[in-house]
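Biologist: Could you walk me through this one slowly, starting with the words I will need?

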Amino acid sequence: MLNDLLNMHELDQKMLIKSALSQLTPRQQFVAYRRFYNNQTLSTIAEDLGISQGRVYQIEAKILRLLKNGLKAGRM
């Protein structure tokens with residue numbers, strides 16, 4: 001029973017995160033996927049996008065801020 005509840009909770013969290021990520025712009029989704037799922041460096045992502053490493057850092061910071069605020073407020 002406890003395992004079933006834990007599995008349901010994990011599934012709920014995954015669905016919530018997937019929904020939150022779908023609210024991001026395509027560029028933000030690209031950066032989030034490469035950074036958080038593929039563990040790529042800022043410089044690798046920057047090179048692939050043709051932008052500076054600092055700009056990728058700014059995009060990443062905005063992603064984290066949007067997700068934190070959206071999830072906290074229950075909007076995502």
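Modeller: A crossing of helices is called left-handed if the near helix is turned anticlockwise from the far one by less than a right angle, and right-handed if clockwise. This is a predicted model, where local features need pLDDT of at least 70, side-chain atom pairs count only at pLDDT 80 or more, and totals for chains, interfaces and linings use all residues. Residues are numbered from 1 along each chain as its sequence is written, and side-chain values use heavy atoms, with hydrogens and water left out.

Biologist: OK, how does α2 pass α3, left-handed or right-handed?

Modeller: The crossing of α2 and α3 is right-handed, helices being DSSP runs (H or I, at least four residues) numbered from the N terminus.

Biologist: Which residues make that contact?

Modeller: With contact meaning heavy atoms within 4.5 Å, α2 brings Phe30, Val31, Arg34 and Arg35, while α3 brings Leu42, Thr44, Ile45, Asp48 and Leu49.

Biologist: New topic: how many residues has the largest nonpolar core?

Modeller: That core has twelve residues, among them Val31, Leu42, Ile45 and Val56; such a core is a set of buried (under 20% relative accessible area) Ala, Val, Leu, Ile, Met, Phe, Trp, Tyr and Cys residues joined through side-chain atoms within 4.5 Å.

Biologist: Which helix gives the largest share?

Modeller: Helix α4 does, with four residues, although α1, α2, α3 and α4 each supply at least two.

Biologist: And what does Val56 touch?

Modeller: Leaving out residues up to four places away in sequence, Val56 touches Val31, Leu42, Ile45, Ala46 and Ile51.

Biologist: Is Tyr57 buried or exposed?

Modeller: Tyr57, which lies in helix α4, is exposed (over 50%), because its relative accessible area is 51%.

Definitions and conventions
Buried < 20%, exposed > 50% of the residue type's maximum accessible area, 1.4 Å probe, protein only.
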